Amino acid sequence: MLSALEHTQRYRGVFPHFINGNDGSTVPFSRLDDGSDLVETSFLIQGLVCVRQYFNSASAEDLAIRERINRIWRDVQWNSHVKPGRNVLYWHHSPKYRFARNVPIQGWNEALVTYVLAACSEEYGIQSDTYHDGFARNGVFLNGRDYYGVKLPLGADYGGPLFFAHYSFCGLDPRGLSDQYADYWEQNQNHSRINYLHSVHNPHGYKGYGANCWGLTSSHGPKGYLASSPASDFGVIAPTAALSSMPYTPRESMQALRHFLSLPNGKMTGRFGFVDAFSPATEWYARTYLAIDQGPIIAMIENHRSGLLWKLFMSAPEIKHALLKLGFQSPHMENPGNQITAEPLRQFI
């Protein structure tokens, strides 16, 4: 995998959204999005940091893996995605169209880890005010209202698609993580709870919704890609929503898992696990699988089970430094000298 990534076309160290697996060339996502994608790159780097921390022995093989990952990570020019005069990171940059796609990375959404990783870089990093002015917008992303009797600290009404609670937190440990804006465990747990309660209350009367069948997030739908949420509900359930929330709603997520496994074999499951989505009301089942939806299922179930990926990512000294720089507090930062050895972690594999 590292060899493939090393031969992938990058733009000031930033990876594109899609690549050609045969030769590493860029597959344009859209006409204006034919270059670097900073958020997708941050998800990749999040995983590579976990790998680097896992292979931490003094062996020549482990040392080589760590050095190769460091080269990929340190080549990312995070600050190349800041427009002159704008104190915010931008999602896309094109070698031809530059910032024409024009999507600032502002919360609340899935991109918290992008700012954390951008703050790590000594040569190409951002300062803390870019996080506060750009992502947090100095508190504009605060919510504080109740939905189905549950208070939501941040974000859009009802929380938005549930992947907001997953992508950044495959590695970034929300337990005890807080800053001046929110407690991120409370944010993610309450977001998941609201998503679950929406299906229990079922205000649109969709057949099949309930305590055992829930989970609204972005996924494939009967007529194309959908960004589902309680505020924009098309009757399409995505297994990744409930299953990737296992750390936040363990009982409710396990109920959903058992229900999904009871649905018609061959329609609900296949060679890559659960299909991407289904509609219980119309008995439509996707015939597709999305890696961005499958991956968090595995990562978040393991974090619920053992905390493995959270331990790995948060053990990186650069991550602790970046969180401190941005004004976060976390139990992982209280003992910065602690080192997680590889052998106890490998018992989980």
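**Notes on the predicted model**

1. Let's start at one residue. K267 sits in the loop that runs between α8 (250–262) and β9 (269–270). Please keep in mind throughout that this is a predicted model. With a relative accessibility of 46%, K267 is classed as partly exposed. Setting aside residues up to four places away in sequence, K267 touches V275, Y285 and A286. The C-alpha atoms of K267 and A286 are 7.9 Å apart in space, while 19 residues separate the two in sequence.

2. Now a step back to the whole chain. Twelve helices and twelve strands make up its secondary structure elements. Taken along the principal axes, the box filled by the C-alpha atoms is roughly 55 × 50 × 45 Å.

3. What share of the 349 residues is buried? Buried residues come to 54% of the chain. The accessible surface amounts to about 15,500 Å², and carbon and sulfur atoms hold 52% of that. As for contacts in the chain with a separation of 6 or more, 62% of them are between residues 24 or more positions apart.

4. A word on charge. The chain carries 30 positive and 30 negative side chains. The centres of these two sets lie 4 Å apart.

5. The aromatic residues deserve a look of their own. The count of aromatic pairs is 27. One of them joins Y131 and Y181, in an edge-to-face arrangement with 6.2 Å from centre to centre and 70° between the planes. Y131 belongs to helix α5 (residues 128–135) and Y181 to the loop between β6 (150–154) and α6 (184–201), so this pair ties together parts of the chain that are 50 residues apart in sequence. Are these two tyrosines, Y131 and Y181, buried or exposed? Both Y131 and Y181 are buried.

6. Another aromatic pair is formed by F163 and F164, again edge-to-face. Here the centres are 5.0 Å apart and the planes make an angle of 90°. F163 and F164 are both buried.

7. If you have the structure open, Y131 is a handy place to begin, as a residue of helix α5.

8. T130 is also in helix α5. Its relative accessibility is 6%, and T130 therefore counts as buried. Beyond its neighbours within four places in sequence, T130 is in contact with N87, V88, L89, Y115 and F135.

9. The peptide bond joining G107 and W108 is cis, with omega of about 5°.

10. R98 lies between β4 and α4, and its phi is near 55°, a positive value in a residue other than glycine. N102 is in the loop between β4 and α4 too, and the phi of N102 is likewise positive, near 55°, in a residue other than glycine. How exposed is R98? At 51% relative accessibility, R98 counts as exposed. N102, at 41%, counts as partly exposed. The cut-off for exposed is over 50%, so R98 at 51% passes it.

11. Last, a buried loop residue. S228 is located in the loop between β8 (224–227) and α7 (239–243). Its relative accessibility is 0%, and so S228 counts as buried. Which residues does S228 touch, not counting those up to four places away in sequence? They are P161, L216, T217, S218, F234 and V236. For contrast, K267 from the opening point also lies in a loop, but K267 is partly exposed.

Conventions
Residues are numbered from 1 along each chain as its sequence is written. This is a predicted model: local features need pLDDT of at least 70, side-chain atom pairs count only at pLDDT 80 or more; totals for chains, interfaces and linings use all residues. Side-chain values use heavy atoms; hydrogens and water are left out. Helices (H or I, at least four residues) and strands (E, at least two) are DSSP runs, numbered from the N terminus. Buried means under 20% relative accessible area, exposed over 50%, partly exposed in between (1.4 Å probe, protein chains only). Contact means heavy atoms within 4.5 Å. Accessible areas come from the Shrake-Rupley method with a 1.4 Å probe; for residues, only the protein chains shown count as cover. Lys and Arg count as positive and Asp and Glu as negative; His and the chain ends are not counted. The place of a charge is taken as NZ of Lys, CZ of Arg, CG of Asp or CD of Glu. Rings of Phe, Tyr and Trp (its six-membered ring) pair if their centres lie within 6.5 Å; planes under 30 degrees apart count as stacked, over 60 as edge-to-face and the rest as tilted.
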